[in-house]
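Hi there,

I am passing a structure on to you, and below it I have written up what turned up when I went through it. Have a look at it first, then read on.

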Amino acid sequence: MDLLGALESLRRPLDRDLFPLAVGDAGAERRALRELTGQLDDYLLPRLRAIDAPLLAVVGGSTGAGKSTLVNSLVGADVTEPGVLRPTTLVPTLVVSPADRTWFMGQNVLPGLSRATGSGPGALRVITSDTLGEGLALLDAPDIDSVVTANRELAAQLLAAADLWLFVTTAARYADEVPWSFLRSARERSTALAVVLDRVPPDAVEPVSRDLTRLLAENGLEGTRLFTVPEAPLPDEKARLPASYVGPISSWLAELAADAAERSRVVRQTLSGALDSLSTRVPALAAAVDRQQAAFDGLRSIVSGTYAGGMADFDAGMRDGSLLRGEVLARWQDFIGTGDLMRSLESRVGWIRDRVVGFFTGKVPEAQLRDALESGVESLIRGAADGAAERALEGWSAAPGGPGLLERLGAVEAARLGRASPDLAKRAEVAVRGWQEFVLDLVREEGGERRTAARVASFGVNGAGLLLMLAVFASTGGLTGIEVGIAGGTSVLSQKLLEAVFGDQAVRTLTIRARDDLRERVRILLDEEAARFTAILETAEPPKGTSAALREAARQIHRHRATLPTTTGLPTREPGELRGAGTREMPVPEPPTRAQGDDPDASTAELPVLGEGRRARGRGDAGPEEAS
């Protein structure tokens, strides 16, 4: 894997929302994700694929700084729309030489922006000018502090895609915080930078320039080239500045366009700084993804815990005798009665068996007891599912990330989530009938032995099966008064009758198997109910291993960071032909630094480095409020 491959592997996990939950500073993390994705798409990947492509200089700055007027004055034509109304730059304008037009009309740079015909956010006007030399393009960006959010975001995106910033401020606003947040971002990422101090009153040129130079040094940007443009009386708002006012900037840009080696140095400086910034930005992003994953794990744990509690509620309902209340109890009482049943049980098993045989052969409809038992089990299942759903919803409402997730669902869907599924009753009916058939199969299997066949036949498979179903619900906990005696008589009587048929050991085995089968069927139902919650998590959750993939990509980028594709200058080519990036790799040279005390304007042929030893290696990200 080479450096380009490492960047491509970093880009792949970023295609989806990695921060869907409102945990931590999710808003800042989403912005950081957008900034990183944008810089990869708009700058790093295109620039590495074509290291010798034309240099892109973005003219950025605050509202009213005079960016559009400056661009028009530099190219000597009205290519952008200046004015007093704000914002003026609604559609960014890219000014290129005729030789570079085909390159910029393609999707090589800023691939997400439509070309030429767009008129709103997301469009890019491409204008040709013979004034600009081949190999250099100027992009007039929207205001970084625009009242229009889309303009601010687009300005940050364009600056992140630039090889060079031509940052414009004014004598009245050079100390504002918003411009400095962008300038510090340039420092952190070692972006090639020149500052234009515009609209300076003649008597303030020297003191304001000196103070801005001081601020640049205090913010780690000493040695930054600084151009001063005096305030000029213009006949109208669309007039251009006198040529003498912008001459130094025009000369510097012309020399930069003519000097392939200097353009290469600018590109490699900005590219290196952007790559260096990944060493902190990507691990920070991976850590934020881990926080999201922990929140998803917490929400999933709530669901598993509450539905495990639902299963425990069902188990308790099986054992506490509550199922033997109501209709089941009434049907059993109709048959057995409530007299001295327990006292006469041992001596009257034969008589009771006769009553049971009569019961199951039509004297008392068998279907009534079976239906009552089926209805009771279904009701127990629905109660367990309703309780689990309600507790899960309450848990999500209080857990990190849960409220936002429920809010995205909407109040109606969230309320539905807090109750069992509408079709649970039907599915529970199918499950209980399946269990009853299983119990009858157990009786048939056990009654197939010769020693028990006759006894089973005397009760009938259905009768013995119903006795086994009743034996599953064997405890009397939770019942009071006469209900204890009735329920106890029900369960103990069924137990004694079964033992008379199958033997005590066989009854214990059959009861365990019947109970386990019912529990498994109910567990499947509750798992299906829990899946309503987990499905919501799965649709929003980042893929497993995303943070590990990000960290591995960062390691590979660091491993290959010491090499960049070699530049080949500006080879002879047909207009629009791609300047091919060399495939050979070579060590990245350290850019030259300006000694302290040198005059920043001493040479117009050299773009100074952003301060001695001020590369962004190891620095943190500039912060969510700053440009990428």
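Of the contacts in the protein between residues at least 6 apart in sequence, 81% join residues at least 24 apart; a contact means heavy atoms within 4.5 Å. Please keep in mind that this is a predicted model, in which local features need pLDDT of at least 70, side-chain atom pairs count only at pLDDT 80 or more, and totals for chains, interfaces and linings use all residues. Residues are numbered from 1 along each chain as its sequence is written, and side-chain values use heavy atoms, with hydrogens and water left out.

How confident is the predictor? The mean pLDDT (the predictor's confidence in each residue, from 0 to 100) is 79, and 73% of the residues reach 70 or more. Residues 475-489 stay under 50, with 32 contacts beyond four places in sequence. Over residues 569-628 the pLDDT is also below 50, and this stretch has 159 contacts beyond near neighbours in sequence.

The protein has 20 helices and 10 strands. These are DSSP runs numbered from the N terminus: helices are H or I with at least four residues, strands are E with at least two. Of the 628 residues, 53% are buried, where buried means under 20% relative accessible area, exposed over 50% and partly exposed in between, with a 1.4 Å probe and protein chains only.

Now to the aromatic rings. The structure holds 4 aromatic pairs. Rings of Phe, Tyr and Trp (its six-membered ring) pair if their centres lie within 6.5 Å; planes under 30 degrees apart count as stacked, over 60 as edge-to-face and the rest as tilted. Tryptophan 396 and phenylalanine 533 are an edge-to-face pair, because their ring centres are 5.2 Å apart and their planes stand at 90°. Tryptophan 396 sits in helix H12 (residues 366-398) and phenylalanine 533 in helix H19 (residues 504-540), so this pair links parts of the chain 137 residues apart. Both residues are buried, and together with Tyr307 they form one aromatic cluster.

Aspartate 100 lies in the loop between strand E2 (93-96) and helix H4 (101-105). With 0% relative accessibility, aspartate 100 counts as buried, and its side chain reaches the backbone nitrogen of glycine 135 at 2.6 Å.

Leucine 215 belongs to helix H7 (residues 205-218) and is buried too, at 14% relative accessibility. Leaving aside residues up to four places away in sequence, leucine 215 touches Tyr174, Ala175 and Trp180.

Best wishes, and happy exploring!

Notes. A polar contact is a pair of N or O atoms within 3.5 Å; within protein, one must be able to donate a hydrogen and the other to accept it, and residues adjacent in sequence count only if both atoms are side-chain atoms.
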